[in-house]
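Me: I would like a close look at one part of this model, and then at how the rest is packed.

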Amino acid sequence: MPLELAYRPIELPGVAATAYGEQRPLDFAARIRRRDMRSIRNALRAPSLMRQRLGGVAMFGVLGLLLGPTGWGEPGGVQAAVARAQMAGLQPFERGGDSFPGSAFYWLDTSDSGLIAPTEAQAKWDQSHSDAEILSARPVSAAGSSEDRWRALQCLTAAIYYEAASEPDGGQRAVAQVVLNRVAHPAWPNTVCGVVYQGSERPGCQFSFACDGSLARKPMKAFWDRARRVAADALAGYVYAPVGLATHYHTTAVHPYWAPSLSFIGTIGAHRFYRWAGAAGRPAAFTARYLGGEPIAAPHPRTWTPSPVDIADPLALEKAFEEGRIVAPGAATATPAAAISQVAPTQNLVRPQVLPGVKAGATGAPVSGSGSVLPGYENANKWIAQPGA
């Protein structure tokens with residue numbers, strides 16, 4: 001029996017079978033793209049790719065100009081990212097929202113700086129005839145040696161930086177003026193560094209940065225240079241008039257107990273400023289003269305012995321001044337004439353001291369031109385015998 005093999009028909013690609021088994025080529029008309037069928041005229045009439053791209057760029061540019069002034073896209077834009085990067089390295093008192101004095105960002109009207117030139121400020125102070133006429137402080141200019149001026153600038157810069165680093169110029173000038181107002185008042189030390197670091201040897205001090213550890217961190221150069229420029233203006237004699245004769249301030253985040261007892265001047269930057277309500281806050285009380293003699297520009301050691309008038313409480317300090325327990329440096333301390341008239345004639349207010357080697361009641365010159373010497377020591381500077389004799 002012969003072997004029969006059945007083979008499957010082979011279908012060539014591109015060939016389709018008809019109903020009658022005939023093979024015919026496939027129709028490729030559907031695969032031709034429409035754009036390939038355009039005429040040359042339509043191709044030349046269509047815009048070029050370069051013109052399309054330029055048109056798209058111009059459209060987005062116009063859109064940005066229209067929406068830019070409205071702030072569209074800025075919250076997450078480049079400037080916000082740069083601001084966040086700069087804020088990341090700020091100290092606590094340089095960041096807005098913290099409770100440290102001078103921590104918030106406040107903006108003032110920059111049309112009037114509030115500064116008065118030294119000669120004009122001194123003229124206003126000298127020509128005033130009543131306390132009501134004096135609306136600004138007396139200028140305080142740097143004095144003393146070059147070391148004194150450097151220390152004063154360093155201490156005032158530190159006070160401005162750590163108290164108002166993030167505030168505008170007005171807030172920083174107000175803090176500087178308070179420091180200089182205290183320098184001109186007998187109730188505080190008569191030096192800039194003495195005022196800034198007063199009480200730094202104990203936990204509670206006049207300016208909190210001097211005793212709370214803030215000085216342990218190196219300041220930022222940009223903020224420090226800005227505070228230094230403000231301090232230089234203040235020490236050059238420029239007076240910041242809006243703060244007046246203020247000697248106290250506190251941040252707007254707190255309300256100390258002594259605030260209602262003082263005269264409120266106003267809020268400048270992140271602080272509220274006050275002056276004493278009684279005689280201690282009047283212009284006649286600001287009699288101290290700045291002559292230099294600055295101490296070291298650093299906090300006091302813990303072994304520092306505070307002076308008897310080193311009182312941190314504002315109300316107690318005002319009372320001590322008005323009671324006469326604190327007087328201006330160099331003020332006369334002579335006994336009033338009324339008190340002298342009540343003293344018996346036989347009673348001496350000051351007993352004369354008889355120096356050694358001078359007889360009581362003697363009016364002649366002492367034994368030695370440099371002072372009196374006991375008889376037993378008259379030859380103390382002479383040789384008893386010549387050496388080698």
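Of the 19 residues of α2, how many are buried?

Reply: The model is predicted, so local features need pLDDT of at least 70 and side-chain atom pairs pLDDT 80 or more, whereas totals for chains, interfaces and linings use all residues. Numbering starts from 1 along each chain as its sequence is written, and side-chain values use heavy atoms, without hydrogens or water.

The number buried is zero among the 19 residues of α2, so this helix lies largely in the open. Buried means under 20% relative accessible area, exposed over 50%, and partly exposed in between (1.4 Å probe, protein chains only). Helices (H or I, at least four residues) and strands (E, at least two) are DSSP runs numbered from the N terminus.

Leaving aside residues up to four places away in sequence, Val243 touches Ala174, Gln177, Val178, Ile265, Ile268 and Phe273, contact being heavy atoms within 4.5 Å.

Strand β7 also belongs to an open antiparallel sheet of three strands, ordered β5-β7-β6. At its edges are β5 (248-251) and β6 (263-268), each pairing on one side only; pairing requires at least two DSSP bridges. Four bridges join β5 to β7 (residues 271-275), and His248 stands opposite Tyr274.

There are six salt bridges, counted when a side-chain nitrogen of Lys or Arg is within 4 Å of a carboxyl oxygen of Asp or Glu. One of them links Arg173 with Asp233 at 3.3 Å between the closest N and O atoms. Arg173 is in α6 and Asp233 in α8, so this pair ties together parts 60 residues apart in sequence. Arg173 is buried at 15% relative accessibility, while Asp233 is partly exposed at 28%. Within α8, Asp225 and Lys221 form a salt bridge of 2.7 Å, N to O; being four residues apart, they are separated by about one helical turn. Lys221 is exposed, with a relative accessible area of 63%, and Asp225 is partly exposed at 26%.
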